[in-house]
Amino acid sequence: MPLIRAEHLVKEYRRPKQAAGRFAALRTLFTRESVVTRAVDGVSFAIEEGEIVGYLGPNGAGKSTTIKMLAGILVPTDGACEVGGIVPWQHRSANAMQIGVVFGQRSQLWWDLPLGESLQLIGKMYRMDAERFRCQRDMLVELLDMTSFLQTPVRQLSLGQRMRGDLAAAVLYEPPVLFLDEPTVGLDVIAKERMRAFVEELNRERRTTVLLTTHDLDDVERLCKRIIIIDDGRVLFDGQAADLKRRYAPHRLLDVVVGGDATGDLRDVAAALPFGVTPVARDEMKATFQIDPEVIPVARVIADISARVPVVDLGVREPPLEGIIREIYEAREVAR
Amino acid sequence: MSLSLPRARPLPTTWRVHPGFVACVMASIRRTYAYRARFLLWLTRTMAQLYLLRMIWMSVYDGRDAVDGIPAGMLIVYLTVAMLQEFLIQPVIVFEIDQRIMRGTVATDIVRPIGFMWQMLGLELGGLLGRAPVLLLAVPVAMVVGSLTLPPTQEATIGYAASLVLAYGISVLVWMLVGLCSFWMTSIHGLRFLLFTVEGFLAGALVPLWFLPDTLRTVLALLPFQGMVFLPISIYIGQTTGGDILGALAVQLFWVVALSVVAVLVWRRARWKLVVQGG
C-alpha cells in the first residue's frame, strides 16, 4: 500500500471579488460576489515508502497547496488524500506525529529563542523522552554542523544556518514522511549541497519518504528518481526522470574539444554533419553537437568526427533536466 | 470519501497537561529574561506613571483628607496596586498571535501535536511567571516608600487573590480576541494601540470609577474592563466588602465564561478561514 496517496485532489480558493472604481476597497468589503480559483484540479498520485519524489511545476502551479493538504494545513475542496493511512485534515495531530515539513520561505522555529531551545520545545511537543531527544539532537547537530550557532537566537541566524535548523526541527522526532517545499531557495552552492547530502542520507538510513518541491533542478537530478510535474493544478507527467528524458529529449549531447592548430577544421565539421546530428554551441576550440540516437549511433558520430579533426577531449552527456522542463512549461504557455 | 467541515476534536478523556504546553511555558519564562532591556523599560514606565498619577491626584485632593468619601491614603494604595498589577498581567498573547500570522509560521504551528491556542496560552502564562519575581523586588520598595499597604482584612486578601486570577483571565481573553483579529485584518496595530490607550481608563487604572459621572459608570459597569482593575482593587483596599465581594467575583466570572465562549467561536472561525480559505 502506498504511504502517500492523493485521489482527484481539488482545492479551490474563494476570495471576495475585488471591486473596481470609486470606493473599491469599501465595496470589496461588503460584496457578496466571490471569485473561485482552482489551485489544485484533480491531482492523483501514489508514493511508496522510501521514495524521493520531485514535485515540479512553475510558480502558482499548485505545488505548495498540494503539500499543505497532505500536511493537514488545508482542507481539500474535493477528492481525498491519505498519509500513512491517516486523513491529514481530519486527524491533524495524529498526522503531525508522522510528518516533517519544511517551508523554505518560512521558518517554523521560534523567532526569539535560541535554536537549541526551539528544538527542545519541539521535542517536548512530540513527546520525545529526554534520552531519545538528546540522542537525536546530538546526531543532527553533528550531521548538519550546527554546534557554532546552537545557542544563537533564530532571528540572528543566516539563511543557510536557519534552513539547517528548520530541517533539524522537521526530522527531530524521526517522522517517516518529509515534505520539503523549496528547501534550497536562496541558499549558496555549498549550503545547497549540504542540504541534498543530508536528505540523501536520511532517505538511505531511515528510509524516510520525501516529497520535494523545488525550482532548482540540480536538487532533482541529485535526489529524485521519480518526478511529478504539475501545471495549472493538473498532473502533466508522473514517472521516472529517465523516462522523462527519453520521452521529451531522447537526444544526447556530444562535447568535442580540438587541438590548438585545428580550429578552422571544427567549422568545416559543423558545416557538414551527418543526418541526425545538429550543432548546439561552438567556439574556437570546443563544440557541442546534439545527436538523435534513433537516427545515428553516437559511436558512429564520434568515429566520423575523430577522423576529420584532431580531437583532444570528448564527452557524451544526457540533456539536462532544466531544458526539458522549460520546454514542457513553454509548450503549456503556448497551448493556453 | 465524504468531506465535511472539520469538526471539533472530542475532549481528551484524561486531563493531563501536555508536555508541549509545559515546554511553551518554560520557553516563555526564559525568553522574558532574554529581553531584559524591554523588561526594565516596562518597569520604569510603571514607576514613572505611578509617580505622575500620584502628583496629579494630590493636586486634586489639594490637602483635603478625603474626596467623595475616599481617603487620600486609600487612593494612593489603589493607584499603586493598579500599576503593579498592570505590570504583572500585561498580555503577551496579542503580540504572539499577531507575529505568527504576519510571519506565516501559523501554518506549521497548527500542525503541531498540541493545539495552536494551547501553545499561545502556554507562552502567555510563561510571560506572567517570568515577570512575577520582579514584584518581589517592587512590592517591598513600594511599601517602604509608603504608597503600598497590605489589604486591611483577611477577607480582603483572599477576595483580592481570587479576583486577581479572574482579572488575569479577562485580560488574556480580551487581548486574545484582539490578536485573533489579525486573521481578518492586514494589521491590528491600530486596534491594539487604541485599546491599549483606552483600556487603562475603562478599567479604572487611571481614575477609580467612583469619581466618574453616573452615566459613564453605568456604561462601564456593562463592559468587561472594570473586572481587570477596578473590581479586584476595590476589594484589596477594603472598599468592597462582605457579600459585595462575592458579587464582584460573580461579575468577573461571568465575563471569563462569556469571553471564553466568544474566543472559542472566533478561534474556530479563524481556523476555518485558515484551513479552508488558506488564510
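In the predicted model, the elements of chain B run, from the N terminus on, α-α-β-β-α-α-α-α-α-α-α-α-α, which amounts to eleven helices and two strands. The C-alpha trace of chain B spans about 75 × 40 × 40 Å along its principal axes. The radius of gyration of chain B is 20 Å, in agreement with the value near 19 Å that a compact globule of 279 residues would have. Of the 279 residues of chain B, 36% count as buried.

Within chain B, helix α7 (residues 154-180) and helix α11 (residues 243-277) approach each other, their axes coming within 9 Å and crossing at roughly 20°. Because angles under 35 degrees count as roughly parallel, α7(B) is classed as roughly parallel to α11(B). The crossing of these two helices is left-handed. The residues of the contact of α7(B) with α11(B) comprise 21 nonpolar, five polar and one charged.

In chain A, four strands form an open sheet in the order β11-β12-β10-β13, with antiparallel pairing. Strand β10 (residues 252-258) of chain A runs antiparallel to β13(A), and six bridges join the two. Opposite V257(A) stands D313(A), a residue of β13(A).

Note on methods:
Residues are numbered from 1 along each chain as its sequence is written. Chains are lettered from A and ligands numbered from 1 in the order in which they are written. This is a predicted model: local features need pLDDT of at least 70, side-chain atom pairs count only at pLDDT 80 or more; totals for chains, interfaces and linings use all residues. Axes are lines fitted to C-alpha atoms, for helices over the stretch in contact, and angles run from 0 to 180 degrees between N-to-C directions. Angles under 35 degrees count as roughly parallel, over 145 as roughly antiparallel, 65 to 115 as roughly perpendicular and the rest as oblique. A crossing is left-handed if the near helix is turned anticlockwise from the far one by less than a right angle, and right-handed if clockwise. Ala, Val, Leu, Ile, Met, Phe, Trp, Tyr, Cys and Pro count as nonpolar, Asp, Glu, Lys and Arg as charged, and the others, Gly among them, as polar. Two strands pair if DSSP finds at least two bridges between them. The radius of gyration is taken over C-alpha atoms; the globule rule is 2.2 Å times the number of residues to the power 0.38. A residue is buried if 20 or more other C-beta atoms lie within 10 Å of its own, exposed if 12 or fewer, and partly exposed in between; C-beta atoms are placed from the backbone.
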